[in-house]
Amino acid sequence: MDLDDFRWLLTDEGQALLTEATALVGSGATALAAGSALRRTTTPERAATALTQVDLRARAHAKFGDLAARMYFTPDALEQATRLRVAQHRAGRAAAFGARTLIDLGCGIGGDLLAAARAGMVCAGVDLDPVRVAVAEANLAALGLPGAVQVADATEIDHRGFDLAYADPARRTGAGRSFRVDDWTPPWSWVETLLARDACVKVAPGIPHTLVPDGVEAEWVSDEGEVKEAALWAGRTATVRRRATVIGTGGLATITDEDDPGADAVGVAPVGAFLYEPDGAVIRAGLVTAVAAGVGGALIDPKIAYVTAEASYRTPFARAYRVVEELPYREKQLKAALRERGIGRLTIKKRGVDVVPEALRKRLALQGDAEATVVLTRVAGEGTALLVEPF
């Protein structure tokens, strides 16, 4: 979609076609049938533009919920956009810090800009892509939110007049997604200069801890158990060194390095009555031992992110299992043990062992009516199979 196509979509004629396309798809019409119907009154190009937007809105529901039906997207910008709940958390942190004004340096279609505006901040955004700027402007208008956006190079903007600077560097090159920070746009060297002030920079969850500058807080965020991103908080917004934030249906919880007594204090112990599988954000933040301390437990192996304890706890930072029994680790004996127990449906969880769960499940060829979960991991350096029950 080019800029002229999008601007046309915002006209009365474009909005009428978008409404018609939405109704056709909502009635169950196939893409082919809907396209044929639309082309009776418009060009194939404009029909495709409207139908693409309907499809993008449907895909965006997972990130933006009911707001997606009123928003506009481009395929690549939607992929890069922050989930609404994560953006709301970040905007809440910024507001709690006391930020009244925010500039989004690389605003894309405006996902984080919208969240900041909804949190009551005066917001401005810039982006190099004219289409994304137009989409962000349209999204602010569609949701009735104040804010200004313009086409500009983030590296040349004077952002000193804003309480908080926010950036989400693009992590894609012509060859696809890149994990090299020097490939980012803007590059890491520019990010480092931004982190010298009150700022927040969205980064990939795999960012090495050693790359985080001194005095900067790194926060890893998961949503419904899936690690979505990390953010670097700088200046007065940084309160700890490392943080894991877990967002779920019950709300939000956070754990930091200040809650972590360290590996020596937690220690390593044989598998007890319960096994805890830390959330991915906790693992990325290096806070597994903080979870162990919280449940009064220990690690099962110095290099494995599983925690064991004799007591049962419900914690937002880990999934808990009751350990039923230890099964043979070798495949032939494991297969026999599972068949003996009548297990036909098996969830395989693994950590620290060279196992492909789908391939193993196929080789086990289980039959039976029972359902079970088995954890394949290392305990004190040895391969171990544990039959467990979630609780």
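Predicted model: local features only at pLDDT ≥ 70, side-chain atom pairs only at ≥ 80, totals over all residues.
Strands of a sheet pair through backbone hydrogen bonds, in either a parallel or an antiparallel way. Here nine strands form an open sheet, and their order is β3-β2-β1-β4-β7-β9-β8-β10-β11. The pairing in this sheet is mixed. At its edges lie β3, residues 148-151, and β11, residues 251-256, each of which pairs on one side only. From one strand to the next, the twist averages 20°.

Strand β4 covers residues 164-167 and strand β7 covers residues 199-203; the two run parallel and are joined by three bridges. A165 has A199 in β7 as its bridge partner.

Two helices pack on this sheet. Helix α6, residues 84-97, touches β4, β7, β8 (217-223), β9 (226-234), β10 (242-248) and β11. The direction of α6 makes about 145° with that of β8. Helix α7, residues 111-118, touches β1 (101-105), β2 (122-127), β3 and β4. Its direction makes about 170° with that of β2.

Two packed helices are described by the angle between their axes and by the distance between the axes. For α6 and α7 the angle is about 50° and the axes are 8 Å apart. Because of that angle, α6 counts as oblique to α7. The crossing of α6 and α7 is right-handed. From α6, the contact is made by L84, A87, Q88, R90 and A91; from α7, by G111, D112, A115, A116 and R118. Sorted by class, the residues of this contact are five nonpolar, two polar and three charged.

On the α13 side, E331, K335, L338 and R339 take part, and they meet L360, R363 and L364 in α14. The contact of α13 with α14 has three nonpolar and four charged residues, and no polar ones.

How values were computed:
Residues numbered from 1 in each chain as written. Heavy atoms only, no water. Pairing = 2+ DSSP bridges. Helix = DSSP H or I, 4+ residues; strand = E, 2+ residues; numbered from the N terminus. Axes fitted to C-alpha atoms, helices over the stretch in contact; angles between N-to-C directions. Contact = heavy atoms within 4.5 Å. Nonpolar A, V, L, I, M, F, W, Y, C, P; charged D, E, K, R; others polar. Parallel < 35°, antiparallel > 145°, perpendicular 65-115°, else oblique. Left-handed = near helix turned anticlockwise from the far one by under 90°.
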